[in-house]
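Hi,

Here is the structure I promised to pass on. Have a look at it first, and then read my notes below.

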Amino acid sequence: MDVVNRNDQVGWQVKSTKASTPVTWKRAKIPNSQELIKDSNSSTEGLQTLGNAILKFCNDHAIESLDKYNLNEIGFSRLIVHPNRHLTYFEKALCSRTNPNIFNENEFEWKWSIPKKTTKKEQLPALHGTHKLTQQKWFAWHGGKSTTFQW
């Protein structure tokens, strides 16, 4: 949690970024990640299992924060800095003690990105999680280095 209001028992993750920058949420260290990565390269079921492990990590972390800070709700707020120097602020409730899971594994499909090379650096493959209902990429997991998501 970045901000906790102990009186109202609400915690917030707060992010400030450029409009084009995905939000980096947390370093997702997945148990057995090397084995899961290997399995994800050989089957659709393996991809889903790895994706589900990422979602479980996120949900477990939210539950841990609810308990650790004695919260009833966790929200997310983002301040977006546009090139013209205008700002956009929004906030969204993510989970509560009565509904602690942020993500539902049945709402996502997963695939590995194709690595890209530019003149400046090489982009390593990332596991992309696409939200089935909107067909938008919500997650990019870089093998445990970080997990980014967009809403």
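**The aromatic rings**

F103 and F108 are both buried. Keep in mind that this is a predicted model. The centres of the F103 and F108 rings are 6.1 Å apart and their planes meet at 75°, so this pair is edge-to-face, the label for angles over 60 degrees.

Next comes F108 with W110: here the ring centres are 6.3 Å apart and the planes are at 40°, so the pair is called tilted. Like F108, W110 is buried. In case you wonder what these two numbers are for, a pair of aromatic rings is described by the distance of the centres and the angle of the planes.

Which residues do ring pairs link into a cluster? They are F103, F108, W110, W138 and F139. Over the whole model, the count is 7 aromatic pairs.

**A histidine to click on**

Two of those aromatic residues, W110 and F139, turn up again around H128, which touches both of them. H128 sits in strand 9, residues 127-131. Is H128 buried or exposed? Its relative accessibility is 18%, so H128 counts as buried, the cut-off being under 20%.

Now go to helix 1, which covers residues 33-40. Its buried residues are S33, L36, I37 and S40. What do they pack against? The buried residues of helix 1 pack against helix 2, strand 6 and strand 10 (136-141). Over on the other side of helix 1, you will find Q34, E35 and K38 exposed.

**Salt bridges**

How many salt bridges are there? The count comes to 2.

One of them joins K56 to D60, with the closest N and O atoms 2.6 Å apart. Both residues belong to helix 2 (residues 44-68), where they are 4 residues apart, about one turn of the helix. K56 has a relative accessibility of 48%, so it counts as partly exposed. D60, at 35%, is partly exposed as well.

R97 and D67 form another salt bridge, and there the closest N and O atoms are 3.0 Å apart. This pair links distant parts of the chain: R97 is in the loop between strand 5 (87-96) and strand 6 (108-112), while D67 is in helix 2, 30 residues apart. R97 is partly exposed at 36% relative accessibility. D67 comes out at 51%, so it counts as exposed, for which the cut-off is over 50%.

**Strands side by side**

Last stop: the strands. Strand 2 (residues 10-18) and strand 4 (residues 73-81) run parallel and are joined by 9 bridges.

Cheers

Conventions:
Residues are numbered from 1 along each chain as its sequence is written. This is a predicted model: local features need pLDDT of at least 70, side-chain atom pairs count only at pLDDT 80 or more; totals for chains, interfaces and linings use all residues. Side-chain values use heavy atoms; hydrogens and water are left out. A salt bridge is a side-chain nitrogen of Lys or Arg within 4 Å of a carboxyl oxygen of Asp or Glu. Helices (H or I, at least four residues) and strands (E, at least two) are DSSP runs, numbered from the N terminus. Buried means under 20% relative accessible area, exposed over 50%, partly exposed in between (1.4 Å probe, protein chains only). Rings of Phe, Tyr and Trp (its six-membered ring) pair if their centres lie within 6.5 Å; planes under 30 degrees apart count as stacked, over 60 as edge-to-face and the rest as tilted. Contact means heavy atoms within 4.5 Å. Two strands pair if DSSP finds at least two bridges between them. Lists of a residue's contacts leave out its neighbours within four places in sequence.
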